[in-house]
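Below are my notes as numbered points, to be read with the structure open beside you.

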Amino acid sequence: MKLLASLASALLVAATAATAQVVTVPIYIQPVNSSSAPSFLAEVSYDTAQDPSSAVTPVVSAYEAPEILDDLEGHELLRIGVYDKAEKKWASSTSVISAENFGKGYAPHFVLSVDESNQKGSYDNQHVLGVAFKGIRIDAGQTRDFGPQAVLVRTTQGKQPELNKPVVLSPEGKQVVPQEKTLLQKYWWVIAIVMVLSLGGGGDGK
C-alpha cells in the first residue's frame with residue numbers, strides 16, 4: 001500500500017512540477033476525550049493549479065491505519081484535521097468522526113477544503129480550511145480503487161456587493177427596481193428616422 005502511494009505521489013509531482021506547486025498536507029487523528037498528542041494518519045498531495053479543469057486529482061501519498069483503534073470499542077469519537085507537529089497545534093478546523101469508519105471492509109476517503117482566495121500564489125497548510133473523512137463500504141465485487149481516496153474542494157471568492165451605489169426610493173419609501181426597457185423604448189429613434197425617410201421619399205415621388 002505504501003509503495004503504491006509513493007508511486008502515485010511521484011507521478012503527481014512529475015506531472016505538475018512545471019506548471020504548479022505541489023502541496024502535501026499532513027493529516028492527524030486524536031480521540032476526542034484524550035489528552036495525548038494527535039497521531040499521524042495520512043498525507044494528501046495536490047497541485048495548486050488555478051484552473052480546476054487542469055488540476056491533477058489529489059492523491060493519498062501516505063496512509064497509516066490508526067493504532068489507537070486497537071483500544072477502542074467502535075463507538076469512540078475521533079478528531080481529524082491538519083496538525084502542525086512543530087507548533088503542536090491544529091492548523092485547520094477539525095471534524096469529529098466515529099471510529100467505525102476505520103472498520104474492516106471500509107475504504108478511507110478524505111475531503112480537503114482549500115481556500116484559494118489568495119492572489120499571491122503562495123500556498124501552505126494554512127490554506128486548508130478543514131478535513132472531512134468517511135469510511136466507504138467496499139463492494140464485494142470491487143477489484144480496484146478500494147484504497148485511500150482524496151477529493152479536493154476548492155473555495156473561491158464570492159460576488160462582492162456594489163458599494164456607494166445610490167438607492168432610489170419611491171414616494172412611499174420603497175426601493176425602486178429599474179425595469180428592463182422594451183424594444184420600442186430602446187429603438188424609438190430608429191423608427192422615427194425610418195418614418196421621416198419614408199415621408200421624405202413619398203414627397204419626392206409626387
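1. Let me start with the rings: this predicted model holds 6 aromatic pairs. One of them joins Tyr63 and Phe110, whose ring centres are 6.3 Å apart with planes at 70°, so the pair is edge-to-face. This pair links distant parts of the chain, as Tyr63 belongs to strand 3 (residues 59–63) and Phe110 to strand 7, 47 residues apart. Both Tyr63 and Phe110 are buried.

2. Phe110 also pairs with Phe133. Their ring centres are 4.9 Å apart and the planes stand at 65°, so this pair is edge-to-face. Here too distant parts of the chain are linked: Phe110 lies in strand 7 and Phe133 in strand 8, 23 residues apart. Phe133 is buried, as is Phe110. Elsewhere among the rings, Tyr28, Phe40, Tyr83 and Trp90 are linked by ring pairs into a cluster.

3. Which residues have the most contacts inside the largest nonpolar core? They are Ile27, Leu41, Phe110 and Leu112, in a core of 25 residues. Strand 1 (22–31), strand 2 (39–47), strand 3, strand 4, strand 7, strand 8 and strand 9 (149–155) each give two or more residues to this core.

4. Ile27 deserves a look of its own. It sits in strand 1 and is buried, with a relative accessible area of 0%. Leaving aside residues up to four places away in sequence, Ile27 touches Ser39, Phe40, Leu41, Ala42, Val44, Ile80, Gly81, Phe110, Leu112 and Val131.

5. Now for the overall layout. The secondary structure comes to 3 helices and 9 strands, and along the sequence the pattern reads α-β-β-β-β-β-β-β-β-β-α-α. Of the 206 residues, 30% count as buried. Among contacts between residues at least 6 apart in sequence, 61% join residues at least 24 apart. The accessible surface of the protein is about 14200 Å², and 56% of that belongs to carbon and sulfur atoms.

6. Two further C-alpha separations are worth checking on screen. Thr155, in strand 9, counts as partly exposed at 26% relative accessibility. The C-alpha atoms of Thr155 and Val114 are separated by 6.1 Å, although the two residues are 41 residues apart along the chain. His127 is in the loop between strand 7 (106–115) and strand 8 (128–137). Is His127 buried or exposed? His127 is buried, with a relative accessible area of 15%, and the cut-off for that class is under 20%. The C-alpha atoms of His127 and Asp115 are separated by 5.2 Å, with the residues 12 apart along the chain.

7. Please also turn to the surface. A nonpolar patch there is formed by Leu183, Leu184, Tyr187, Trp188, Trp189, Val190, Ile191, Ile193, Val194, Met195 and Leu197, which together have about 1200 Å² of accessible area. Helix 2 (183–186) and helix 3 (188–205) each supply at least two of the patch residues, and the largest share, 8 residues, comes from helix 3. Leu184 is placed in helix 2 and is exposed, with a relative accessible area of 57%.

8. My last point concerns backbone geometry. Most residues other than glycine have a negative phi. Lys88 is not a glycine, yet has a positive phi of about 55°. Where is Lys88 found? Lys88 is in the loop between strand 4 (77–84) and strand 5 (89–90). Lys88 is exposed, with a relative accessible area of 68%, and the cut-off for exposed is over 50%.

Note on methods
Residues are numbered from 1 along each chain as its sequence is written. This is a predicted model: local features need pLDDT of at least 70, side-chain atom pairs count only at pLDDT 80 or more; totals for chains, interfaces and linings use all residues. Side-chain values use heavy atoms; hydrogens and water are left out. Helices (H or I, at least four residues) and strands (E, at least two) are DSSP runs, numbered from the N terminus. Buried means under 20% relative accessible area, exposed over 50%, partly exposed in between (1.4 Å probe, protein chains only). Patches are made of residues with over 30% relative accessible area and no salt bridge: like charges are joined within 9 Å, nonpolar side chains (Val, Leu, Ile, Met, Phe, Trp, Tyr) within 5 Å. Accessible areas come from the Shrake-Rupley method with a 1.4 Å probe; for residues, only the protein chains shown count as cover. A salt bridge is a side-chain nitrogen of Lys or Arg within 4 Å of a carboxyl oxygen of Asp or Glu. Rings of Phe, Tyr and Trp (its six-membered ring) pair if their centres lie within 6.5 Å; planes under 30 degrees apart count as stacked, over 60 as edge-to-face and the rest as tilted. A nonpolar core is a set of buried Ala, Val, Leu, Ile, Met, Phe, Trp, Tyr and Cys residues joined through side-chain atoms within 4.5 Å. Contact means heavy atoms within 4.5 Å.
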